[in-house]
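Here's a walk through a two-chain model, one topic at a time. Have the viewer open while you read.

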Amino acid sequence: MSGFLSDARDFLPILLSGLWVTIAITFCSLLLSVVLGLAWALLGTSRFVLLRGVSRVVINTVRGIPILVQLFYIYFVLPQLGITLNAFLAGVAGLGLAYSVYQAENFRAGFASVDRSLIETAESLGMPHATIVRRLILPLAVRVILPPFGNTSIMLLKDSSIASTITVAELTRQGQLLAVSTFKNMTVYTLVALLYLAMSLPLSYLTRRLERRFAVR
Amino acid sequence: MIEVREIHKAFGEHQVLRGVTFSIAKGEVVCLIGPSGSGKSTALRCINGLERFDQGAIAVDGIALSDRTLREIRGKVAMVFQRFNLFPHRTVIENVMEGPVHVQKVSPAEARDRALGLLEKVGLRARAGAYPSQLSGGQQQRVCIARALAMRPQAILFDEPTSALDPELVGDVLRVIRALAAEGMTMVVVTHEMAFAREVADRVLFMDGGVILESGPARDVLTTPRMERTRSFLDRVIHPL
C-alpha cells in the first residue's frame with residue numbers, strides 16, 4: 001500500500017497533465033458535436049426533401065463507422081488529401097463528428113416532444129417564429145434533451161480515450177506510456193480509472209441537478 | 001368586422017369547406033354549430049390564419065388576410081382552443097403576460113397590471129403564481145380566455161371551449177364568455193352547448209358538409225329550424241338517447 005502511495009505521488013503529475021488534455025478534448029468535441037448535431041437535427045426537419053436527405057445520409061454514415069476508424073481516417077488519410085490536422089484537432093474533429101449524430105437524435109426527439117398545439121397557440125398570439133423557438137420550443141425541448149445529453153457527455157468523456165490511438169497525450173495515453181516504462185500496471189491503471197471517475201461522477205451529478213431545475217412542474 | 005367569403009379548403013382528397021360565406025358585425029356573438037366533421041373548426045381556424053384556404057377571401061376590420069397581414073390580423077383576433085393550451089413551463093400570470101410582453105412589447109410592469117385585472121375578471125387572481133398543471137381544466141380554460149383578452153383583441157374566436165371539460169366545470173367557463181358578451185365583445189363560438197347558444201348568441205350558423213346550411217337569430221334556428229338536416233341534428237343533440 002505504501003508502495004502504491006509513493007508510486008502514485010510520482011505518477012500523478014504526469015497523469016494530471018493527461019487529465020487536462022482529456023478535459024480539453026472532451027469539452028471541445030462536445031461543443032462541436034452540439035453545433036453539428038443541431039445542424040443535422042434542423043436539416044432533418046427542413047421543408048426540403050434534399051436537405052432532409054443530406055441529414056439522413058450523414059447520420060447513417062457517421063453512425064455506421066467505428067469512431068476509431070473515423071479518427072484514423074482524419075489523422076492518417078486526410079493529410080494525403082491535403083488536409084493536415086494536428087493530433088489534438090484531429091481528435092476533436094473525429095469525436096465531435098462521431099458524437100454529433102447521437103446529439104442530433106437527442107435534439108430531434110426533444111423538438112418532436114413539444115406539443116404541436118402549443119406552437120399553434122403561440123402562433124395565434126401573433127408570435128414571430130424566432131420568439132416561438134426561444135420562448136417555447138427550446139425551454140420545453142431542453143427538459144427532454146437534458147437526460148440523454150448528460151449520458152452522451154459521459155460517454156464522450158470516456159471515448160475521448162480513443163484519441164490515445166492517434167498520439168493525443170491525454171489521460172489514457174499518459175497511463176499507457178507510464179505503464180510500459182515502469183511495468184506498474186496495477187498502480188497506473190487504477191489511478192487512470194479513478195481519475196476518469198473523478199470526472200464522470202461530477203458530470204452525472206451536474207446532469208441530475210440540471211434535470212431537476214428544468215423539471216416539468 | 002369579420003368577412004368570410006366563399007372559402008374552399010381541402011385536406012388532400014377530402015373537401016372540408018365548400019364555399020363558406022358569413023360575416024360578423026362588431027359586438028355580435030355568433031355560435032357555429034353542426035355535426036363533427038362539418039368544417040366548423042376549420043372555418044374558424046381559417047380566420048386566424050392557422051389553416052390556409054384554397055379559394056375565397058377573409059377580411060378582418062377591412063384588412064384582407066394574407067401572409068403579409070397575418071400578424072396584424074392575429075393581433076386583432078384572439079383564439080381560445082378546445083384543449084387548454086397553456087404554456088406548461090410558465091405560471092398563470094406569465095401565461096397571460098406572454099403575448100403583451102413578447103408580441104406587443106408592452107412593459108412587464110404594465111402587462112402584469114393588465115394580467116392581474118384580467119385574472120380578477122375570470123376569478124383566478126388568487127392562482128396567479130400557480131403552474132397550469134396545478135389547475136383544473138375549467139380554471140385552465142379561464143386562464144386561456146384571460147390570455148386571449150390580454151392581447152386587447154377586437155374579436156375572440158372560441159373553438160369548442162368546453163368540449164374537453166368535465167361537465168361540472170363547463171358552467172364556470174360559459175359564465176365568463178357570457179360576461180364578455182354582455183360587455184359587447186365580438187365573438188365567434190364553435191360549440192355543442194345549445195342552451196348556451198340560445199341564451200348568449202345573437203345569431204347561430206348551422207354548418208354541415210362544408211357549407212352553412214342555415215343561419216339566423218339564435219332562437220329561430222334552434223327552436224324552429226327551416227332545414228330538415230338542422231332539425232335532425234338538433235334532435236340528436238338535445239335527445240341523445
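## A covered helix

What do the buried residues of α3(B) pack against? They sit against α6 of chain A, along with α4 (108-121) and α5 (137-150) of chain B. Contact here means heavy atoms within 4.5 Å, and helices are DSSP runs (H or I, at least four residues), numbered from the N terminus. Among the buried ones are B:Val92, B:Ile93, B:Val96 and B:His102.

A quick word on the ground rules: this is a predicted model, so local features need pLDDT of at least 70 and side-chain atom pairs count only at pLDDT 80 or more, while totals for chains, interfaces and linings use all residues. Residues are numbered from 1 along each chain as its sequence is written, chains are lettered from A and ligands numbered from 1 in the order written, and side-chain values use heavy atoms, leaving out hydrogens and water.

## The cores

A nonpolar core is a set of buried Ala, Val, Leu, Ile, Met, Phe, Trp, Tyr and Cys residues joined through side-chain atoms within 4.5 Å. The largest one has 54 residues, and B:Leu119 is one of those touching the most other members. Leaving aside residues up to four places away in sequence, B:Leu119 touches B:Val92, B:Ile93 and B:Val96, among others. Apart from this core lies another, of 30 residues, including B:Val4 and B:Met207.

## Where the chains meet

Chain A puts 20 residues into the contact and chain B 22. Together they bury about 2,000 Å², 57% of it on carbon and sulfur atoms; that's the accessible area (1.4 Å probe) that two parts lose on being put together, summed over both.

Three kinds of detail are worth a look. The interface has 3 salt bridges, meaning a side-chain nitrogen of Lys or Arg within 4 Å of a carboxyl oxygen of Asp or Glu. One such pairing joins A:Asp115 to B:Arg83 (2.9 Å, N to O). On the chain A side, α5 (116-124) and α6 (129-159) each supply at least two residues.

## Salt bridges to click on

B:Glu51 pairs with B:Arg45 at 2.8 Å. B:Glu51 is buried at 15% relative accessibility, and B:Arg45 is buried at 13%. A:Glu120 joins B:Arg45 and B:Glu51 in a salt-bridge network.

In chain A, A:Asp7 bridges to A:Lys184 (3.0 Å, N to O), and these two are 177 residues apart. A:Asp7 is buried at 13%, whereas A:Lys184 is partly exposed at 36%.

Definitions and conventions:
Buried < 20%, exposed > 50% of the residue type's maximum accessible area, 1.4 Å probe, protein only.
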